[in-house]
Every structure is written in structure tokens, then in C-alpha cells.
Amino acid sequence: MTLALDPSATPAATGPEENFWVPDGAPSPGDAPAGADADANAGADADAGIDQGDEADDAADPADHDPVVVRDARDFGVYARTGGWAFALKVARSVRPGGQPAEGPAARKVSARAFAALAGCSPERVMRHYKAWDMAADDGLVPQFEVLEPGADVELPDADVWLSYYASRNSASSVRGRAISAAAEAEGIRPTKALEVAENPTALRAAILADPGTAEAARGALLDRMREDPELQTEMARAIARTDGLKKAVASEAKVADRIGYVRQIVENGQVKTPAGQTVEAPAEVRAEAERHLSLLDELDDSEEAGEWAGEAYEAVKGLVARAVEEDPALRVQERRTRFYSSLQKATKVFEELTLDEVMEEEIYEEDMLQRLVALQEAIGGCIAALRKAAPTGS
């Protein structure tokens, strides 16, 4: 598309950082898009509820309308098709940043500060448009500054490409901005896209809340970030622990993961943990059953619920392990010995934690306490007698 701009026109004053609208010398009526575009869109406009008005109002001849209205329509058309490129062109062909020699065609250009004063906006805003054009020129989308003269007309890229080059703020130069830019380049996207998202957290939140795809991307990014950010791990864990629904969901998923880990351990290491807690070589039957269930679990899609499958695999393998222990005399004896030792250690620890000093210092004595200890003493005595009776001769 071609712009025919009056080089002598002065941009209309705007707010300091709000609008950068097309000046009065915007494209002439002769550069209007063909009427076929309007015909092609008429049906869509009607479907969208746009008032079609009188047939006479739809005439494409500019002579039939107020010139001011025609100019506004043409200005709007340029912006609709090119977005910020229309403004960037004005900067690119009219601005000569400080330090560049004022020779040849550049002698007619002005500084970014002077241009900003004429436009009624900040020099920083002018330079952001300048830099956007510079990056696009490096990519071959638009001509270089050197070949542009004030008032020159060129074909402009489509509007949807503009945001890939324009940084609406100076955040790209900050430490945070450089980190975001580096991450964006690593992901294969333009840094400006990532910077725009980072500068508008509310928009990001809205997209996550409304769109499952965006939420999934955010979830993946958070998980990747947490692997290298212990503080974020702690914050997320704290937030989950304080939310009942999330806490229950995490506990449920942890149980599923433990069960899958139990089955995977048998397949990958060839070892199994018995009910009493001892680790032994997995019998062939147990290993084959674990492999079968694990293959089914690995075939599940991410969207499929693994809880039921994990529970079935765990119970099936655990049952085979218990049966294998009972069918092996040596293993069965070792299993019972391990279970006894485990119970004995637990009982010993509990008894050692009794604070007898407090019994002497405070009036906490109750008859029931003494009766329970006497019963415990009798049980321990019986246990000792049973063990001595079962001990091998000479021990």
C-alpha cells in the first residue's frame, strides 16, 4: 500500500504518551482502497449488526462527501491496514537522530527532540518508532533510513507485524528486560512479544483465566521455572498447603506417583520392597506383571486420569509380592523377623520419649497410668520368655 503524505503538514498535538495520530496532511483521496474491498466486506458488516444506512451514503466517490470526513476515513484506512507503520514512516523519513551528519537528503530532516515537539509527544516515543523501523529495515521489511526523504511514500508491512518490532516502553534495556529478551530469543520468538506480555500482567492473567491453552503454557513455564528457583518452589508449596482443595489434590497425586514409582522400581531395578520393608530381588513373575502394568501407564495421555490405573497396578504387584514371600520359607522367616524388629524399634522409641521427670515434678499421676505400665511390663515379660524359649540351644 502507498502513502501520499504532505511533507509540509504538522502533526496534530497529542497527549504526552497517548496517541500518535495521522496529521492533517494524511493520504489523499486518490490513494483510497478499491471499492471492491467494501463490497467484499458488506455481508460481514451486515452480519455483525453494522448499520448499512442509505444506499446513497455507500457511494465510493469522495466528491459526494465532506472533504474532512473523506480525510478521516482515509486516515482510518491507513491505520487499519498498517497500524503503527504509518507513524513509523513519518519518523523514519523525517527524523535524523543526534550525531548523524546533516548532508544530502538528511539535511531536511530534524532531530527526534524537534520532531517530538512538533508532534506534542515525548522524544522517547519518537525514538521507539525509529528503532522499530530500524529493526524492520534490518529484516528487509522496509527501506533503510538513508534512502528515505521527507514526504517519501513506500509500501508498508501489515498491521499485525508492527507489534513484533515496536517496544511500547523502555523495559527492554533494563536487567529484567534483557533477561526476558534472552529467554524469548531462546524460545524462537521476538523479544518485543515477550516484553509486551511482561508489561501487562493483568492481560496475562485474563488470558490464563479464559483460555485453557494459555493456562497450560503458563503451567509448563512455572514448572520449568520452579526447577531452578527454590524461592518460587517454597512460595508455590506454601500457597498449595494453605488451599484445602489444592492440598487434597496434591496429596492424591502424590499417592498416585508413589504407586507408579513402586511399580517402576521393580521394572527398572529388578528389586521389590516387601510389606515389612526389606528390599529383595523381584521374582520373575512379579517383574513381568510390573512391566505389563507399567507399559499401560506409560501409554496414557497427559489428559487421562492415572489414579485408577496406578491403584490397579500397585495392588496387583503388591499381591504377587506378598504371595512370593509366603511361598519362600527363607524369605518368609526374614520377613517376619524384619516386621518384629520394626515393631520393637517403634515401641522402644515411644517408651524412651516418656518424660519421667515431669511425673516427679508435676501432679500428673493417675492410677490408670500405673495400671497400663504394669500391663506393659507383663507383656514385655511374656515376650522375653517366648523369645528365650524359641532361642537356639546354647544361645
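A salt bridge is taken here as a side-chain nitrogen of Lys or Arg within 4 Å of a carboxyl oxygen of Asp or Glu. A search of the whole structure finds 15 salt bridges. The model is predicted: local features need pLDDT of at least 70 and side-chain atom pairs count only at pLDDT 80 or more, while totals for chains, interfaces and linings use all residues. Residues are numbered from 1 along each chain as its sequence is written, and side-chain values use heavy atoms, with hydrogens and water left out.

| Salt bridge | N to O distance | Helix |
|---|---|---|
| K247 and D244 | 3.9 Å | α11 |
| E268 and R264 | 3.8 Å | α11 |
| E335 and R339 | 3.9 Å | α14 (residues 329-352) |

K247 and D244 are three residues apart, about one turn of the helix, whereas E268 and R264 are four residues apart.

Burial is classed by relative accessible area (buried under 20%, exposed over 50%, partly exposed in between; 1.4 Å probe, protein chains only). K247 is partly exposed at 41%, and D244 is exposed at 51%. E268 is exposed at 53%, with R264 partly exposed at 27%. Elsewhere, salt bridges that share partners join E285, R323 and E327 into one network.

With a disulfide defined as a pair of cysteine sulfur atoms within 2.5 Å, the count comes to zero. C121 is buried at 11% relative accessible area, and C383 is partly exposed at 33%.

Key
Helices (H or I, at least four residues) and strands (E, at least two) are DSSP runs, numbered from the N terminus.
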